[in-house]
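Morning, everyone. Please bring up the model on your screens, and we'll walk through it together.

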Amino acid sequence: MAVVDAHHHVWDLSVRDQDWITGPELSPIRRDFLLDDLRPEAAAAGIDATVLVQTVTVPEETPELLEQAKGSDLVAGVVGWTDLTVPDVADALAALRELPGGERLVGIRHQVQAEPDIAWLLRPDVGRGLDAIAAAGLAYDLLVLPHQLPSAVEAVADHPGLTFVLDHLGKPPIALGAIESWARYVRELAALPNTVCKLSGLVTEADWTHWAVADLRPYAEVALGAFGPDRTMFGSDWPVCRLASSYGEVFDMACRLTEGLSSCEQAQVFGGTAERVYGLRGER
């Protein structure tokens, strides 16, 4: 079974600004990160395939990501963006699939974490958009903060025909050492059968300069206990992870967090779940 990194990004600032990369804390990643930069790091970790994920909510980005995936032997799938609130979401998704590389579109994501409306996922227009994603046979990546998890639980329950992929375990407050409220809603989310989670983005939710695997383990154990290995997938969140660690360190961290699993269970986390959920072998 292939080893899959189910969550990474690329960007070229000469093509498009990443307006979320602001302030001195984020300055280390305010430069171009291209597939050619990722390739040697992924190869060193033994990664066979990846899923490339959108970063900005503009319609031009997803066609560019699909074009890059088409010409890559590394990128097996793309999680793109389209405006869920417009009436013609189905047409927009069909148009994306007709583009070069469109066969590698495996999911859609929106930066719900940036929405001031805590119930954004429950809006009727968003709900119609989610239905269109389900009808297209795609997955939906959930990018939410802990306080948005209750609405996420309700939205997932309202759309049983759509597979929701919880990015970065819902961004638990690791640096604060808080776990109870987050864990409650993650377990509620996992109780719904149409959910999957990504073991990703944890190092940047911890103390960037002093994190240790022991800090992350309680959160990983909650997620693995709730979702199970067959509904958990590894993601590097490269290059955002570079704020706190290298690619190799993130991969090693994930290996250590899953060392108590059987080899078959580890194979699900590091490839099988992503292949199945995103249809990386052409099957959904």
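First, a term. A pocket here is an open set of grid points, on a 1 Å grid over the protein atoms alone, with protein on both sides within 12 Å along at least five of seven lines. A volume is the space filled by probe spheres set on the points. Keep in mind that this is a predicted model.

What lines the second largest pocket? Val-10, Trp-11, Asp-12, Val-15, Arg-16 and Gln-18 do, along with Leu-34, and then Glu-61, Glu-64, Leu-65 and Gln-68. By class, that lining has five nonpolar, two polar and four charged residues.

Now the largest pocket. Its volume is about 550 Å³. The lining has 27 residues, and the closest to the centre of the pocket are Trp-20, Gln-111, Gln-113, Leu-143 and Lys-171. How do the residues of this lining divide? There are 10 nonpolar, nine polar and eight charged.

Next, cavities. A cavity is a set of points where a 1.4 Å probe fits but cannot get out. A search of the whole structure finds one cavity of 30 Å³ or more. The largest cavity has a volume of about 60 Å³. Its lining counts 13 residues, with Ser-200, Gly-201, Leu-202, Val-250 and Met-253 the closest to its centre. Which element gives the largest share of that lining? Helix α8 does, with three residues. By class, the cavity lining has eight nonpolar, four polar and one charged residues.

Stay with α8. Helix α8 covers residues 247-257, and it packs with helix α7, residues 213-227. The angle is about 55°, and the axes are 10 Å apart. The crossing of the two helices is right-handed.

Who meets whom? From α7 come Val-213, Leu-216, Arg-217, Ala-220 and Leu-224. From α8 come Met-253, Arg-256 and Leu-257. Six residues of this contact are nonpolar, none are polar and two are charged.

How values were computed:
Residues numbered from 1 in each chain as written. Predicted model: local features only at pLDDT ≥ 70, side-chain atom pairs only at ≥ 80, totals over all residues. Heavy atoms only, no water. Axes fitted to C-alpha atoms, helices over the stretch in contact; angles between N-to-C directions. Helix = DSSP H or I, 4+ residues; strand = E, 2+ residues; numbered from the N terminus. Left-handed = near helix turned anticlockwise from the far one by under 90°. Contact = heavy atoms within 4.5 Å. Nonpolar A, V, L, I, M, F, W, Y, C, P; charged D, E, K, R; others polar. 1 Å grid on protein atoms, 1.4 Å probe; cavity = no way out; pocket = protein on both sides within 12 Å on 5 of 7 lines; lining within 4 Å.
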